[in-house]
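Hi,

Here is the structure I promised to pass on. Have a look through it first, and then read my notes below.

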Amino acid sequence: MMGEAKMSEFDTNLDAQTTDTLEETDKKCPSCGGVMDFDPATGGLSCPYCGHTEEIQNREGVESAEELALEDADKVENCDWGVAKKTVICKACGAESVYDALEISAVCPFCGSNQVMEASDQNTMAPGGVVPFQISDKQASDLFKNWIRRKWFCPKLAKESAKAKNFKGIYLPFWTFDALTKSKYRGEYGKDKVKKKADGKTQVETTWYSVRGNHEEFFDDELICATTNHNQSMLRGLEPYNTADNKTYRPEYVAGFAAERYAIGIKEAWQMAKSSIKFKLQRSIERRIIKENNADRVRNLQVDATFSKLTYKYLLLPVWISSYKYKEKVYQFMVNGQTGKVSGKTPISIPKVIITVVAIALILILISMLAQYAG
């Protein structure tokens, strides 16, 4: 939630707390004195008033977020925020604005100052790295138009009339995990054989064989979204991100954008990552068994995995969020601020769905008739 109007005494309740901005993050333009924002086109700061640009200087010798040992996470992890909103006092103009408790960066609605906010709990981690925006709001708009044009079941009128509302650029929190896995597995693989029956029809018979073995696999940057404020399915549709292309966190990278703190802590995130890795291990071992044994299928696969060399990073990843309206209904969508991949929902044309289903059914009937004729 971006800044709202000044709070009244009635609004100041137990669900809000007051905090100051963490530091003076405004970079004044040397040409005109305006507040500079991060510019996806240059990867540096840009003045929206006169166009002056400057590079962002990282700490010497530190280009990207470092991997942290998961066993040390207890020393810094704390995710009990205790409040739903907070009142932020802008250092630049003194105005008070109401923000979501998990926001760590925004733009003052009164003076346009870029703000990085005090954490609700000082034991909470600061981001280790940030993947900067590489897609501008104009590019995001063009990508959206191309994306919706390719949606076959979307009504033609919706495609022609869909116009995105103003884009909101936001950095969302993610955890990444590295893990070396060593697994013991056992199961069965099957080999199919097609036999022709007396009536001319075919039948598939599968012969099963026992299999067991060891499997070692390293997982790099297993990604877990740490926000609960947005549609998770839509966010997964934006993946993958190139997380290796991250920069050591500096407030200049989020200047002019909103940024959100994590709501899912490191412990819960690791359990989610562990489940995801185990699922991927199952698929990976299945593919290995099929390839090594020239098999057709696998069943009853049991995998016993151990994890070592566990590390993690806390990153901010870029997302453009917008929406459009069709027949009085609002449809939200998102654009990956690094790759430009679009994810979202569109209206569905029922006549198109019916025509497609009927066409597929007719094709299947035709194929079946040709097969019987050939037999």
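A quick definition before anything else: a residue is called buried when its relative accessible area is under 20%, and exposed when that is over 50%, with partly exposed in between. Please also keep in mind that this is a predicted model.

Cysteines first. C47 has a relative accessible area of 3%, so it counts as buried. C154 comes out at 1%, so that one is buried too. What about disulfides? The structure holds 0 of them. As a reminder, a disulfide is a covalent bond between the sulfur atoms of two cysteines. The cut-off used here is 2.5 Å between the sulfurs. For C47, the closest cysteine sulfur belongs to C32 and sits 3.5 Å away, so the two are too far apart for a bond.

Now the nonpolar packing. The largest nonpolar core has 54 residues, and the members that touch the most others are Y171, W175, F177, W270, Y312, L316 and W320. Which elements build this core? At least two residues each come from α1 (137-149), β11 (168-196), β12 (202-225), α4 (266-293), β15 (297-326) and β16 (329-336). The biggest giver is β15, with 7 residues. There is also another core, apart from that one, made of 17 residues; L172, C225, M234 and I321 are among them.

Two residues are worth a look while you have the model open.

T176 is in strand β11. Is it buried or exposed? With a relative accessible area of 0%, T176 is buried. Its side chain makes a polar contact with the side chain of D221, at 3.4 Å. If you skip the neighbours within four places in sequence, the contacts of T176 are D221, E222, L223, T243, T311, Y312, K313 and L315. One of these, Y312, came up above as one of the residues touching the most other members of the largest core.

D137 is in helix α1. Its relative accessibility is 42%, so D137 counts as partly exposed. Leaving out residues up to four places away in sequence, D137 touches F167 and W320. W320 is another name from the list of residues with the most partners in the largest core. D137 and G169 are 32 residues apart in sequence, yet their C-alpha atoms are 7.8 Å apart in space.

That's what I have for now.

Cheers

Definitions and conventions:
Residues are numbered from 1 along each chain as its sequence is written. This is a predicted model: local features need pLDDT of at least 70, side-chain atom pairs count only at pLDDT 80 or more; totals for chains, interfaces and linings use all residues. Side-chain values use heavy atoms; hydrogens and water are left out. A nonpolar core is a set of buried Ala, Val, Leu, Ile, Met, Phe, Trp, Tyr and Cys residues joined through side-chain atoms within 4.5 Å. Buried means under 20% relative accessible area, exposed over 50%, partly exposed in between (1.4 Å probe, protein chains only). Helices (H or I, at least four residues) and strands (E, at least two) are DSSP runs, numbered from the N terminus. A polar contact is a pair of N or O atoms within 3.5 Å; within protein, one must be able to donate a hydrogen and the other to accept it, and residues adjacent in sequence count only if both atoms are side-chain atoms. Contact means heavy atoms within 4.5 Å.
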